[in-house]
Amino acid sequence: MTDLGLTGQDNDAQFRLRESLNIFMTSSNEQPGFGRRGELLVALQFVLMLIFAIAPVWHPGLSSALVADLLPARLILAVPLALAALVLAAMGSHHIRDYLTPLPYPVDHNRLVQHGVYALVRHPLYSSLLSAALAWTLYTLSLSHLILLIVGFLFFDVKARKEEAWLSERHPEYHDYAQRVRKFIPYLY
């Protein structure tokens, strides 16, 4: 670094700032705040899940009578989504059981799984969480949960993008797989 007439105190402040940033960035291909293996993403995921779980049901403008009248329709929409969430979680976990980790960074011995539920969506475990959240949102007709679902969808999109970058480094065939199979919703997205 060249001396631009900064005092020793200014240089110390710059050094402390760089060191603070290095806590979250340990290599050149990492993005700030994600951690070496995506630790911050996992922490944020648990925070989002906790907030979703404790958020109050809020449906402004809907009377309790209307909510009660809509129960059959709510169940028709929510139950299949909840069942889909269970299937996606069970099958997704089963197919990557030897490579399963809470971190988005792949384990050293991983293989690219493209069969089973992974032939329908690239991230069935994330899809299962989103499907369960959508089921709850439709069942409760909660606007607060709908907002959190949108935030969760955006979060999982970012997390999946980072995970896919790491998978692409390890598996050159990942690009072709990503072209064939949608990320979260079969045939759509």
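The following legends describe close-up views of a predicted model.

Local features were taken at pLDDT of at least 70 and side-chain atom pairs at pLDDT 80 or more, whereas totals for chains, interfaces and linings use all residues. Residues are numbered from 1 along each chain as its sequence is written, and side-chain values use heavy atoms, without hydrogens and water.

**Figure 1. The chain and its helices.** The secondary structure comprises seven helices and zero strands, in the order α-α-α-α-α-α-α along the sequence. Helices (H or I, at least four residues) and strands (E, at least two) are DSSP runs, numbered from the N terminus. Of the 189 residues in the chain, 33% are buried; buried means under 20% relative accessible area, exposed over 50%, and partly exposed in between (1.4 Å probe, protein chains only). Among contacts (heavy atoms within 4.5 Å) between residues at least 6 apart in sequence, 75% join residues at least 24 apart.

**Figure 2. The packing of helix 5 against helix 6.** Helix 5 (residues 124-140) and helix 6 (residues 143-170) pack at an angle of about 175°, and their axes are 10 Å apart. Axes are lines fitted to C-alpha atoms, for helices over the stretch in contact, and angles run from 0 to 180 degrees between N-to-C directions. The two helices are therefore roughly antiparallel to each other; angles under 35 degrees count as roughly parallel, over 145 as roughly antiparallel, 65 to 115 as roughly perpendicular and the rest as oblique. Residues making the contact include Tyr126, Leu129 and Trp136 of helix 5 and His145, Phe153 and Glu163 of helix 6. By class, this contact has eleven nonpolar, three polar and two charged residues. Here Ala, Val, Leu, Ile, Met, Phe, Trp, Tyr, Cys and Pro count as nonpolar, Asp, Glu, Lys and Arg as charged, and the others, Gly among them, as polar.

**Figure 3. Aromatic pairs around Phe153.** The whole structure holds eight aromatic pairs. Rings of Phe, Tyr and Trp (its six-membered ring) pair if their centres lie within 6.5 Å; planes under 30 degrees apart count as stacked, over 60 as edge-to-face and the rest as tilted. The rings of Phe153 and Phe184 have centres 5.5 Å apart and planes at 70°, so this pair is edge-to-face. Phe153 belongs to helix 6 and Phe184 to the segment after helix 7 (174-180), 31 residues apart. Phe153 is partly exposed, at 26% relative accessible area, whereas Phe184 is buried, at 4%. The rings of Phe153 and Tyr189 have centres 5.6 Å apart and planes at 45°, so this pair is tilted. Tyr189 is partly exposed, with a relative accessibility of 35%.

**Figure 4. A ring cluster and a charge over a ring.** Ring pairs join Tyr126, Phe155 and Phe156 in a cluster. Elsewhere, Arg74 lies over the face of Tyr139, 4.9 Å from the ring centre. A charge sits over a ring if NZ of Lys or CZ of Arg is within 6 Å of the ring centre and within 35 degrees of the ring normal.

**Figure 5. The surroundings of His171.** His171 is placed in the loop between helix 6 and helix 7 and, at 9% relative accessibility, counts as buried. Leaving aside neighbours within four places in sequence, His171 is in contact with Asn110, Arg111 and Leu112. His171 and Arg111 are 60 residues apart in sequence and 8.2 Å apart in space, C-alpha to C-alpha.
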